[in-house]
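Student: Hey, can you walk me through this one? I'd like to go bit by bit.

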Amino acid sequence: IIDIGANIGFFTIYALIKNPNSQILAVEANPKNFEILKNNIYENNLSDNVKVFNYVVTPEPGLQPFYLSSNSGWSSIYNERGAKNGKIIHLDSTSLSRLFENNKLNVIDLLKVDIEGAEYDIMLKDKFLENFVVKELFIEVDKRPRDKRYKYHDIINFLSNHYKSIKVVGHESEYPLILCKDYINM
C-alpha cells in the first residue's frame, strides 16, 4: 500500500488496521505533518510495516518549491487556494516511478494520492502506470486543476486507459475522489 500525501497518518494507520500484514510506504511533504506522521508510526510500534518518507512527489526529482499553509492539509507545490501566500520552502522531490524502483516494487495493491493539486502532473507525466502494476488507485483531484495545462477530463481519460472500472465520488464537488479498479495490463 502506498499513501502519497499521508498527512499525519490517518489513512496509513487505517489501512494497516484493515490489512495488518501489509507493507505501507507513507509519503508526506509538509515537514510538520511528517514529524507527526513519523511519531504516530513509531509511538504505535508500526515501523515494521510502515516506512515514512519526507518528499514532494513530482514527475522529476530535485528540489521543489513548496508553500506551507496555515492549514497543514492545504500545503502545496502551488501558490494557490489554501497555500496562497504561504511560507515557501524547498524540499527534495521524487517521482512515483523512482519511489517504486528504490523500494523494489513491481506490483502495488493500493495507491492513495491526495497531494493538493500536484496529482495531474504525477499522473499524466510520470509513466509509472505503464511500468508498474497498480491494482487499485484512489485519487483526490482538483475539479479545476491548479496547473492550467490540464483539464479535469484529461485525468479521467488517462485513467480510463489503465483501469476497467472508474468511479467518481463527489463528481460535482470541487475535489472529487476517483476510485480505479481492475488495472489493465498494457
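Student: What should I know about the model before we start?

Tutor: It's a predicted model, where local features need pLDDT of at least 70, side-chain atom pairs count only at pLDDT 80 or more, and totals for chains, interfaces and linings use all residues. Residues are numbered from 1 along each chain as its sequence is written, and side-chain values use heavy atoms, leaving out hydrogens and water.

Student: Okay, where does glutamate 28 lie?

Tutor: Glutamate 28 is in the loop between strand 2 (24-27) and helix 2 (31-43). Helices (H or I, at least four residues) and strands (E, at least two) are DSSP runs, numbered from the N terminus.

Student: Is glutamate 28 buried or exposed?

Tutor: Glutamate 28 is buried. Buried means under 20% relative accessible area, exposed is over 50%, and partly exposed is in between (1.4 Å probe, protein chains only).

Student: Then which backbone nitrogen does the side chain of glutamate 28 reach?

Tutor: One is the backbone nitrogen of asparagine 7, at 2.6 Å. The backbone nitrogen of alanine 6 also lies 3.3 Å from a polar atom of that glutamate 28 side chain. A polar contact is a pair of N or O atoms within 3.5 Å; within protein, one must be able to donate a hydrogen and the other to accept it, and residues adjacent in sequence count only if both atoms are side-chain atoms.

Student: On to helix 2. Which of its residues are buried?

Tutor: Asn33, Phe34, Leu37 and Ile41 are the buried residues of helix 2. Seen down the axis of helix 2, they fall within an arc of 100°, so they line one face of the helix. That arc is taken from the directions from the helix axis to the C-beta atoms.

Student: What do those buried residues pack against?

Tutor: The buried residues of helix 2 pack against helix 1 (10-18), strand 2 and strand 3 (50-53). Contact means heavy atoms within 4.5 Å.

Student: And which exposed residues are on the face turned away?

Tutor: Lys32 and Glu43 are the exposed residues on that face of helix 2.

Student: What caps the N-terminal end of helix 2?

Tutor: Asparagine 30 does, with a side-chain oxygen 2.9 Å from the backbone nitrogen of lysine 32. Just after helix 2, asparagine 45 takes a positive phi of about 55°.

Student: New topic: how many salt bridges does a search of the whole structure find?

Tutor: The search finds nine salt bridges. One of them joins the side chains of aspartate 3 and lysine 112 (2.6 Å, N to O). This pair links distant parts of the chain, with aspartate 3 in strand 1 (residues 2-4) and lysine 112 in strand 7 (residues 107-113), 109 residues apart.

Student: Are aspartate 3 and lysine 112 buried or exposed?

Tutor: Both aspartate 3 and lysine 112 are buried.

Student: Which residue does lysine 38 form a salt bridge with?

Tutor: Glutamate 35, with the closest N and O atoms 3.4 Å apart. Lysine 38 and glutamate 35 both lie in helix 2, three residues apart, about one turn of the helix.

Technical notes:
Lys, Arg positive; Asp, Glu negative; His and termini not counted. Salt bridge = Lys/Arg side-chain N within 4 Å of Asp/Glu carboxyl O.
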